[in-house]
Amino acid sequence: MGKGKLIVLEGLDGSGKTTQALLLAEALRARGFKACYTCEPTYWRVGDLLRLHVSRLKRRSPVYEALLFAADRYEHVAREVRPKLRRGYVVVSDRYLHSSLAYQGASGLSLQWIKRINFFAPKPDAIILLDVPAEEALKRKLKGKRPGKGFESLSFQRKVRKVYLKMAEEEDFLTFNGLKPVGELHREILGEVLKLLRKH
Ligand SMILES: Nc1ncnc2c1ncn2[C@@H]1O[C@H](COP(=O)(O)OP(=O)(O)OP(=O)(O)O)[C@@H](O)[C@H]1O
Ligand SMILES: [Mg+2]
């Protein structure tokens, strides 16, 4: 009975994480792996609170948000990630620790402090970054929505992308060009993940 693997998908809002995470978990299951999809923020108590807070508050507080995301992650890890890893699952998480680092880091918080308050989070076995320009990510998010929503966030999204790319250089990320078509990206990601799973 092997220990599982934690594979996380990271990137801007609209970069294609959910699309690729679902395809990846499905493809792994089709190949006989025990694999599951999970996401942050969770749909448990703190996750719901976060969604409410983030969508409603006019004035943002990066510290408050970082603490809430960490609390939600604590519940995610305790209730979902660790139990599944123990049972040998490949856990595919749509956002994880590096989302906190990128977003709250882009809001000006120290990455060291964010890492500290997330000390309990198991280290991912692979971090997949879907890199797209902020403009493209926003365009995808706004497709079919009323115009005028979200444009104020473009400069923030650019900052977030910068933090992601810096971390990708410093740590061992698997970075993919998120502008490629869904199917092509999926095959590339699956190829890298299978390589990793066969190594162990
Ligand atoms: N490679 C791609 N090329 C073009 N469009 C894409 C691609 N991947 C996803 N999309 C589309 O972009 C939109 C956002 O995709 P998705 O929901 O997967 O992104 P996300 O990273 O999960 O966003 P969020 O962080 O907001 O949850 C969807 O309409 C999706 O169909
Ligand atoms: Mg998503």
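Start your tour by selecting strand 3, residues 90-94: five of its five residues are buried, so the strand is largely enclosed by the rest of the structure. Here a residue is buried if 20 or more other C-beta atoms, placed from the backbone, lie within 10 Å of its own. Show the side chains and look at both faces: V90, V92 and D94 are buried on one side, V91 and S93 on the other.

Before going on, a word about what is on screen: this is a predicted model, in which local features need pLDDT of at least 70 and side-chain atom pairs count only at pLDDT 80 or more, while totals for chains, interfaces and linings use all residues. Residues are numbered from 1 along each chain as its sequence is written, and chains are lettered from A and ligands numbered from 1 in the order in which they are written.

**The sheet**

Now colour the strands. Five of them make an open, parallel sheet in the order 2-3-1-4-5. Strands (E, at least two residues) and helices (H or I, at least four) are DSSP runs numbered from the N terminus, and two strands pair if DSSP finds at least two bridges between them. At the edges are strand 2 (35-39) and strand 5 (173-177), each pairing on one side only. From one strand to the next, the twist averages 20°.

Return to V90 and look to its neighbours. Strand 2 pairs with strand 3 in the parallel sense through five bridges, and A35 has V90 as its bridge partner. Strand 1 is also joined to strand 3 by five bridges, again parallel, with K5 opposite V90.

Next, select strand 1 (residues 5-10) and strand 4 (residues 126-131), a parallel pair with four bridges. Zoom in on V8, which stands opposite I127.

**Across the sheet**

Select helix 8, residues 182-199: this helix lies across strands 1, 3, 4 and 5, running at about 165° to strand 5. The axes are lines fitted to C-alpha atoms, for helices over the stretch in contact (C-beta atoms within 7 Å), and angles run from 0 to 180 degrees between N-to-C directions.

**Around ligand 1**

Finish at ligand 1. Which residues are closest to it? They are G16, K17, T18, T19 and R140, in a shell of 16 residues, counting a residue whose C-beta atom lies within 6 Å. Helix 1 (17-30), helix 6 (134-142) and helix 8 each give two or more residues to this shell, with the largest share, three residues, coming from helix 1.

Conventions. Two residues are in contact if their C-beta atoms, placed from the backbone, lie within 7 Å. A residue is buried if 20 or more other C-beta atoms lie within 10 Å of its own, exposed if 12 or fewer, and partly exposed in between; C-beta atoms are placed from the backbone.
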